[in-house]
Amino acid sequence: YVCSTWGNNHFKTFDGDIYQFPGICEYNFASDCRESYKEFSIHVQRGLNSNNHPEIQYILITIKDFTVYLRPKLAVVDGRIVKTPYYSSGLLIESNDIYTKVYAKLGLILIWNQEDALMVELDSKFNNQTCGLCGDYNGVPIYNEFINGDASYNSITFGNLQKISKPNTKCEDPDETQALPSCEEHRDECESLLTSSAFADCRLRLNLEMYIQACMQDKCACSGNEDSFCLCSTISEYSRQCSHAGGRPSEWRTRDFC
């Protein structure tokens with residue numbers, strides 16, 4: 001029931017596919033896509049921060065008649081800056097120094113770490129009714145997102161299809177022909193990080209292989225600059241998702257690591 005994005009442009013759909021998409025336009029992250037009445041939509045825009053790492057610059061949420069615009073440490077509802085916790089019919093926005101959370105009574109919870117990581121949990125009544133970077137939520141990985149009828153898309157084509165076209169904004173689509181490198185040489189290191197004893201309670205709750213793949217892509221992308229963003233963002237996400245699934249990761253951060 002959870003879709004998320006984190007770190008080095010990783011995405012995990014409601015149906016469990018993990019892929020990378022480096023777009024910096026505004027995209028449909030997850031929306032109710034029924035023809036008649038749309039209950040919600042969530043748009044996101046990523047950019048590079050001062051350290052050249054991707055992070056989410058803003059989130060735009062429409063819930064029934066409300067429009068909520070979030071930036072780090074800022075919440076705007078229907079064009080008005082609001083203090084948190086903010087409560088209005090069927091909508092609660094909370095924030096502290098680390099997270100911004102939005103709860104909507106229609107069955108949506110959004111949690112953003114005000115940097116790179118965003119997680120959306122959606123009631124199962126929206127099964128098979130969503131579209132966007134989070135996919136269609138039909139319980140079947142790959143189908144309809146990356147394979148649609150006879151057409152198959154790579155993750156960049158799929159991502160580019162979710163762009164919100166805005167008349168006066170110019171932003172380049174990432175190149176669809178860019179294949180991701182194979183990063184198998186980092187497998188052992190990523191596997192040992194994600195199977196350390198701190199995560200013993202997580203193994204049966206999550207698809208470990210997908211996080212190993214994401215970690216391997218991170219290591220390739222860092223190309224030797226072992227900064228904490230590269231190394232830690234996928235492990236942080238694994239830890240968050242494990243907790244969210246009811247697991248109890250123990251303390252994995254140390255003074256020298258993350």
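Q: Which side chain does the side chain of Arg240 join in a polar contact of 2.9 Å?
A: This is a predicted model. Arg240 sits in helix α4, residues 228–244. At 2.9 Å, the pair lies within the 3.5 Å limit for a polar contact. The partner side chain is that of Glu237.

Q: Leaving aside neighbours within four places in sequence, which residues is Arg240 in contact with?
A: Helix α4 holds Arg240. Neighbours within four places in sequence are set aside here. The contacts that remain are Trp6, Tyr99, Asn113, Ala117 and Ser233.

Q: How many Å apart in space are Arg240 and Met119, C-alpha to C-alpha?
A: In sequence, 121 residues separate Arg240 and Met119. In space, the C-alpha to C-alpha distance is 9.5 Å.

Q: How many residues of domain 2 are in contact with domain 1?
A: Contact here means heavy atoms within 4.5 Å. Domain 1 brings 19 residues to the contact. On the side of domain 2, the number is 14.

Q: What percentage of the area buried between domain 1 and domain 2 is on carbon and sulfur atoms?
A: The two domains bury about 1,400 Å² between them. The share on carbon and sulfur atoms is 61%.

Q: Which three residues supply 33% of the area that domain 1 buries against domain 2?
A: No other three residues of domain 1 supply more of this area. Their share is 33%. They are Trp6, Ile18 and His53.

Q: How many residue pairs are in polar contact between domain 1 and domain 2?
A: Salt bridges between the two domains number zero. For polar contacts, both residues of a pair must be at pLDDT 80 or more. The count of such pairs is six.

Q: Which strand gives the largest share of the side of domain 1 that touches domain 2?
A: β1 (2–6), β2 (10–12), β3 (18–20) and β14 (118–122) each supply at least two residues of that side. The largest share is three residues. That share comes from β1.

Q: How many charged residues does the side of domain 1 that touches domain 2 have?
A: By class, this side has seven nonpolar residues. Another eight are polar. The charged residues number four.

Q: Where is Cys134, the disulfide partner of Cys3?
A: The structure holds eight disulfides. One of them joins Cys3 to Cys134, S to S 2.0 Å, and is left-handed at -80 degrees about the S-S bond. The pair links distant parts of the chain, 131 residues apart, with Cys3 in strand β1. Cys134 lies in the loop between β15 (130–131) and β16 (147–148).

Q: Why are Glu191 and Arg187 separated by about one helical turn?
A: A search of the whole structure finds 10 salt bridges. Glu191 and Arg187 form a salt bridge, with the closest N and O atoms 3.7 Å apart. Side chains of opposite charge can pair when their charged atoms come close. The separation is about one helical turn because the two residues are four residues apart in helix α2 (residues 187–194).

Q: Is the peptide bond from Thr84 to Pro85 cis or trans?
A: Pro85 lies in the loop between β9 (80–81) and β10 (86–88). Omega for the bond from Thr84 is near 0 degrees. The bond is cis.

Q: What is the phi of Asn52?
A: Asn52 lies in the loop between β5 (40–48) and β6 (54–63). Asn52 is not a glycine, although its phi is positive. The value is about 70 degrees.

Conventions. Residues numbered from 1 in each chain as written. Heavy atoms only, no water. Buried area = accessible area lost by both parts, 1.4 Å probe. Salt bridge = Lys/Arg side-chain N within 4 Å of Asp/Glu carboxyl O. Polar contact = N/O pair within 3.5 Å; in protein donor to acceptor, adjacent residues only side chain to side chain. Nonpolar A, V, L, I, M, F, W, Y, C, P; charged D, E, K, R; others polar. Disulfide = S-S within 2.5 Å.
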